[in-house]
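Subject: Structure handover and findings

Hello,

Here is the structure I said I would pass on. Please open it beside this email and follow along as you read.

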Amino acid sequence: MRLIERELVARIVRQAVSSLAFDLPDDIRCGLIEAAKAEQSPRAAQVLELLVENARIASEDRVAICQDTGSVWVSLEVGPDVCVAGDVMADVDDAVAAAYAEGRLRMSIVRDALFDRTNTASNTPAFCEIYPCVRPGARLHVMLKGGGSDNASRVVMLPPSAGRQGVIDAVVSCVREKAANACPPLVVGVGVGSTFDKVAGLAKRALMRPLDEPACDERTARFERELLEAVNATGLGAGALGGSTTALGVRVATAPCHIAALPVAINMGCSAMRRGTYEL
């Protein structure tokens, strides 16, 4: 058994924040470039080209890709051959605070959502979880999640009779109603199954899979292609100014659920899809 300690997790988080805030992941950057080449609308093509240019300037000048530098989501995925210390996430907040101060990044976290909306001035706490899996080893998933894209997300509890089409309709409805505020082109994470409190986690973890990494089975891959076609058929387009690329990709994660339930979560990822996975 290998032991993952808090010092390692904190070090990776600090490095991740310092990279993700300024460097758009390669799959997202390439997706924007390809979308700009394929776009038939001159205005939408210009928006996509500007997003690519913005990413280039951010990386070269080491300035934030987006003024909304996000909340920090950290998920530690551990396999059966790995042990973690009970306080393995204890130093994450210090790492986040240091990285945001060094990068001169905007602090966006308030002390309490309802009773004390004073800024913590450190972009902490980070939102952390430990996720067991059957795959050997350990991986740290880090995402800087903007408020606009999270605000455009949704959880719905469908009846089982809604079926496949009900899921498609829920995703397209959410995109039509909310995606304009999420800075498209999007990456759409869709969770289906589990329970009310777990399905949103499925959707967020789905966003971690790169655009150039296929689904683990053809059934899921086929459904992702169907959803992407339906989302792009809305014509919302880049910057919500019209066009054929409302989303660069759709990522689906499914799980078992109760016979009387069909939980669905849609978690929007914006055009500044700042996420990375780090093998420990």
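This is a predicted model: local features need pLDDT of at least 70, side-chain atom pairs count only at pLDDT 80 or more; totals for chains, interfaces and linings use all residues.

**The largest pocket**

Rolling a probe the size of a water molecule over the atoms shows where empty space is left. In this model, the largest pocket holds about 890 Å³ of space. It is lined by 27 residues, and those closest to its centre are Glu77, Tyr131, Arg205, Arg209 and Ala253.

Several elements supply at least two residues each to the lining of the largest pocket. They are strand 2 (71-78), strand 6 (127-132), strand 7 (138-145), helix 7 (199-206), strand 10 (247-257) and strand 12 (274-279). The largest share of this lining comes from strand 12, which gives 4 residues.

**The second largest pocket**

The second largest pocket has a volume of about 390 Å³. Its lining has 15 residues, of which Val167, Val192, Phe223, Thr254 and Leu262 are the closest to the centre. Two or more residues of the lining come from each of helix 6 (163-178), strand 9 (186-194), helix 8 (218-232) and strand 10. Strand 10 gives the most here, with 4 residues. Strand 10 was also named above, as one of the elements that line the largest pocket. By class, the lining of the second largest pocket divides into 9 nonpolar, 4 polar and 2 charged residues.

**The cavity**

The count of cavities of 30 Å³ or more comes to 1. The space in the largest cavity is about 30 Å³. Which residues line the largest cavity? They are Leu144, Lys145, Gly146, Ser149, Gly269, Cys270, Ala272, Met273 and Arg274. Sorted by class, this lining has 4 nonpolar, 3 polar and 2 charged residues.

**Two helix pairs**

Two packed helices are described by the angle between their axes and the distance between the axes. Two pairs are set out below.

Helix 1 passes helix 4 in a right-handed crossing. On the helix 1 side, the residues in contact are Val9, Ala10, Val13, Arg14, Val17 and Ser18. On the helix 4 side, they are Val92, Ala95, Val96, Ala98, Ala99, Tyr100 and Glu102. By class, this contact has 10 nonpolar, 1 polar and 2 charged residues.

The other pair is helix 2 (residues 26-38) with helix 3 (residues 42-61). Their axes come within 8 Å and cross at roughly 155°. Angles over 145 degrees count as roughly antiparallel, so helix 2 is roughly antiparallel to helix 3. The crossing of helix 2 and helix 3 is left-handed. Leu32, Ile33, Ala35 and Ala36 in helix 2 meet Ala45, Leu48, Glu49, Leu51 and Val52 in helix 3. The contact of helix 2 with helix 3 has 8 nonpolar residues, no polar ones and 1 charged.

**Backbone details**

Where is proline 125 placed? It is in the loop between strand 5 (116-119) and strand 6. The peptide bond that leads from threonine 124 to proline 125 is cis, with omega near 10°. A cis peptide bond also joins proline 184 and proline 185, with omega about 15°. Proline 185 is in the loop between helix 6 and strand 9.

Serine 194, which is not a glycine, has a positive phi near 65°. Serine 194 is in strand 9, an element that also contributes to the lining of the second largest pocket. Alanine 240 is not a glycine either, and its phi is positive at about 60°. Alanine 240 lies in the loop between helix 8 and strand 10.

Regards

Notes
Residues are numbered from 1 along each chain as its sequence is written. Side-chain values use heavy atoms; hydrogens and water are left out. On a 1 Å grid over the protein atoms alone, a cavity is a set of points where a 1.4 Å probe fits but cannot get out, and a pocket is an open set with protein on both sides within 12 Å along at least five of seven lines; lining residues have an atom within 4 Å of a point. Grid points are joined across faces, edges and corners, and a volume is the space filled by probe spheres set on the points. Ala, Val, Leu, Ile, Met, Phe, Trp, Tyr, Cys and Pro count as nonpolar, Asp, Glu, Lys and Arg as charged, and the others, Gly among them, as polar. A crossing is left-handed if the near helix is turned anticlockwise from the far one by less than a right angle, and right-handed if clockwise. Contact means heavy atoms within 4.5 Å. Axes are lines fitted to C-alpha atoms, for helices over the stretch in contact, and angles run from 0 to 180 degrees between N-to-C directions. Angles under 35 degrees count as roughly parallel, over 145 as roughly antiparallel, 65 to 115 as roughly perpendicular and the rest as oblique.
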